[in-house]
Amino acid sequence: MRELELLIIGSGPAGLCAAISAAASGARVLILERSFAPGGQLIKQTHMFFGSERQYASHRGVDIAGILLKKLEEYGDRVELMCNATAVGFYEDNVVTVLKDEKEYFKIKAKSVICATGAYEKSLAFPNNDLPGIYGAGAVQTLMNVYGVKPGDRVLMVGAGNIGVIVSYQLLQAGVEVAAVLDAAPKIGAYLVHASKLARMGAPILCSHTVKEAIGTDCLEAAVVCRVDERFQPVPGTEQRFDVDVMCISVGLSPLNELLAMRGVEMKYVPQLSGSVPLRTENCETCIPGIYVAGDASGIEEASSAMAEGYLAGLCAAAALGHVPEDYEARRQEYLRQLEGLRSGPVGERIRAGMKLSAL
Amino acid sequence: MDENTIICRCSDVSLKEIRELIAQGYVTYDEIKRLTRIGMGPCQGKTCGQLVLREIANATGRSMSELQFHNIRPPVVGVKLHLIAEEAERNEE
């Protein structure tokens with residue numbers, strides 16, 4: 001069985017930054033990535049990010065992945081990246097089982113582990129929700145931007161948060177008609193910049209609306225939507241029918257952290273962080289020493305905070321393994337400051353409340 | 001219409017079935033799992049988990065944070081048995 005110093009599970013923004021940070025301190029790192037290419041969700045983000053310069057604002061997500069991977073190359077053979085490799089089990093003695101290329105299965109034992117496994121899309125219950133043509137919005141984004149496959153001709157987007165609105169815009173760019181974007185909430189959840197881009201293209205955004213049912217025999221042919229009241233109950237007589245062959249569900253993400261749960265890390269359901277999350281210290285360490293979490297796996301936020309958390313977790317995990325850089329405390333404070341900045345103001349209120357509930 | 005609303009795509013379990021079980025007093029995820037196989041398919045409960053817990057919360061008046069999801073066990077995706085057996089043999093050598 002292979003034994004190693006630091007294992008990072010996931011090569012999205014959190015995992016890549018954790019690897020850069022830990023390798024910069026001198027740690028030897030193995031990164032597991034279940035997809036065929038590193039970068040996580042960054043590789044399908046064709047829009048420019050905004051926010052802080054430290055988190056590569058005004059770059060396209062796909063380019064940020066390239067920047068981070070290039071940085072990682074500086075550390076040479078201290079860092080190994082294994083793609084098509086899924087961590088399938090995480091056991092008490094810090095043994096992680098790996099399924100590689102779906103035909104190799106082996107064990108790895110790591111002194112320290114950073115879980116940067118990201119998130120998964122929430123589903124929605126409505127009649128005929130299993131018809132072919134009904135996708136998660138993230139799945140459609142993968143189809144289009146990673147595989148170059150156009151999902152259909154006319155789409156109904158359910159959810160006007162950032163993902164729903166950004167994917168709608170990218171669907172328009174790909175030549176797919178957007179019949180409407182719905183959201184059950186009375187206000188658009190997405191940043192105004194993204195929502196106005198969509199509105200300028202003529203796609204209607206219907207707030208206080210939900211999908212009532214999907215219609216079709218072998219695949220999706222139409223969808224009936226209706227208005228909802230302030231208690232999110234359907235208002236009779238407000239039904240509208242849209243003839244669409246694609247419906248995208250974009251009703252939020254949940255933290256993907258089942259590996260930590262099976263390892264025995266203490267977990268808690270925190271609605272502000274969109275699901276069950278591990279309790280963790282300010283340094284991203286869970287209740288089990290040497291096991292860290294970073295990015296969406298510890299609560300749904302954005303790529304910018306995932307990167308800052310990754311840098312912090314990588315720094316702290318490496319330090320605990322004996323790789324303490326001279327400027328350790330200054331860097332630690334700097335990442336904490338960045339996170340505080342990203343979570344400040346009214347937008348970060350939910351996250352701040354969630355962080356309090358999941359603090360160790 | 002509840003019979004056409006699919007809560008568990010892996011094992012094709014409808015909202016109607018879930019609601020009937022809750023009405024019969026099966027108000028934990030684990031009990032419903034044992035009766036219907038929800039959470040035991042390829043997604044391991046990632047599709048149905050929060051939907052079922054929400055139904056239980058609505059029916060019992062309890063909050064989502066009070067409710068328990070199932071115990072999470074390896075592996076998180078399907079692994080062919082011969083691969084596991086081969087790795088076990090290698091570790092014996």
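Modeller: In strand β2 of chain A, A:Val29 is the bridge partner of A:Leu6. This is a predicted model, in which local features need pLDDT of at least 70 and side-chain atom pairs count only at pLDDT 80 or more, while totals for chains, interfaces and linings use all residues. Residues are numbered from 1 along each chain as its sequence is written, and chains are lettered from A and ligands numbered from 1 in the order in which they are written.

Colleague: In which sense do β1(A) and β2(A) pair?

Modeller: β1(A) and β2(A), residues 29-32, pair in the parallel sense over 4 bridges, where pairing requires that DSSP finds at least two bridges between the strands. Strands (E, at least two residues) and helices (H or I, at least four) are DSSP runs, numbered from the N terminus.

Colleague: Changing topic, which residues of α9(A) are buried?

Modeller: In α9(A), residues 349-357, the buried ones are A:Ile351, A:Gly354 and A:Met355, buried meaning that 20 or more other C-beta atoms lie within 10 Å of the residue's own, and exposed 12 or fewer, with partly exposed in between and C-beta atoms placed from the backbone.

Colleague: And what does the face turned away from the buried side carry?

Modeller: That face of α9(A) carries the exposed residues A:Glu349 and A:Lys356.

Colleague: How far apart do the domain centres lie?

Modeller: The C-alpha centres of domain 1 and domain 2 of chain A lie 31 Å apart; domain 1 covers 2-120 + 253-357 and domain 2 covers 123-249, with bounds from an automatic or database domain assignment.
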